[in-house]
Amino acid sequence: MNISTTDLQALVGLQLSALADLLDDGAQSLGGGAALADAETLCAGWRVRHVVAHMTMAARYDGPAFMAELSAVDGDFEKLSQTIAERDARRPFSELLDDLRGDTMAGWAPPGGGAAGALTHAVIHSADITVPNTLPRSSSDDATLIVLDSLADGIAGRQFGVDVGNRTLRATDLAWSFGDGSEVVSRPASELVALLAGRAVGGVDLRS
């Protein structure tokens, strides 16, 4: 799918807002945000509130503030992510959802990753939340297909240690498949996103 950088960036804000709306609706149906905010995710050790806090770092830390935080942990980005997620997850969940919907996140792109990286980040972490909580996919068909293609094109192996091997991945809710192996893995697209991002889902782990 050929798409301009401008259109890719526009998709980022739409995916983040859609996730915020889904979580807002889910929280209201449960009588409040606490139950959903504290639900498990596919990110080890992180609840929903931690994932959302991680996704929205840029809304609360501008360039200088981010660099100060990074310097405080000797440039260890993984440690920085963990520190900020744990700290900012204590913020009111409604404020974190407001950050998801904000203009800052809609225009954010990771250094070196550009709009494509921002979209991948949004779609993967949305799946981290929706898949284990049996929530409907929040990412649009177009955004999901773009990210699936990108992951299958090499990102999954380089960044997440995934090897499709003798498998064929096939989405059950979108017209998408990858691979030509004898073992067919048919799953909803959001689960395939999670699998290609190195998460174990439903007894399948593409890292092994």
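Modeller: A definition to start with: helices here are DSSP runs of H or I with at least four residues, strands are runs of E with at least two, and both are numbered from the N terminus. Keep in mind that this is a predicted model.

Colleague: Fine. How many helices and strands are there in the protein chain?

Modeller: The protein chain has 11 helices and 3 strands. Starting at the N terminus, the order of elements is α-α-α-α-α-α-α-α-α-α-β-β-β-α.

Colleague: And how compact is the protein chain for its length?

Modeller: As compact as a globular protein of that length, because its radius of gyration is 17 Å, close to the 17 Å that the globule rule gives for 208 residues. Along the principal axes, the C-alpha atoms fill a box of roughly 50 × 40 × 30 Å.

Colleague: What share of the residues counts as buried?

Modeller: Of the 208 residues, 48% are buried. As for contacts with a separation of 6 or more, 63% are between residues 24 or more positions apart.

Colleague: Switching to helix packing. At what angle do α3 and α6 cross?

Modeller: Roughly 120°, and the axes of α3 (residues 48-55) and α6 (residues 77-88) come within 8 Å. That angle makes α3 oblique to α6.

Colleague: Is that crossing of α3 and α6 left-handed or right-handed?

Modeller: The crossing is right-handed.

Colleague: Which residues meet there, in α3 and in α6?

Modeller: From α3 there are His50, Ala53 and His54, and they meet Ser81, Ala85, Glu86 and Asp88 of α6. Sorted by class, the contact has 2 nonpolar, 3 polar and 2 charged residues.

Colleague: What about Thr134, what is its phi?

Modeller: Thr134 has a positive phi of about 50°, and Thr134 is not a glycine. Its place is in the loop between α9 (114-130) and α10 (141-160).

Colleague: Buried or exposed, Thr134?

Modeller: Exposed, at a relative accessible area of 73%.

How values were computed
Residues are numbered from 1 along each chain as its sequence is written. This is a predicted model: local features need pLDDT of at least 70, side-chain atom pairs count only at pLDDT 80 or more; totals for chains, interfaces and linings use all residues. Side-chain values use heavy atoms; hydrogens and water are left out. Axes are lines fitted to C-alpha atoms, for helices over the stretch in contact, and angles run from 0 to 180 degrees between N-to-C directions. Angles under 35 degrees count as roughly parallel, over 145 as roughly antiparallel, 65 to 115 as roughly perpendicular and the rest as oblique. A crossing is left-handed if the near helix is turned anticlockwise from the far one by less than a right angle, and right-handed if clockwise. Contact means heavy atoms within 4.5 Å. Ala, Val, Leu, Ile, Met, Phe, Trp, Tyr, Cys and Pro count as nonpolar, Asp, Glu, Lys and Arg as charged, and the others, Gly among them, as polar. The radius of gyration is taken over C-alpha atoms; the globule rule is 2.2 Å times the number of residues to the power 0.38. Buried means under 20% relative accessible area, exposed over 50%, partly exposed in between (1.4 Å probe, protein chains only).
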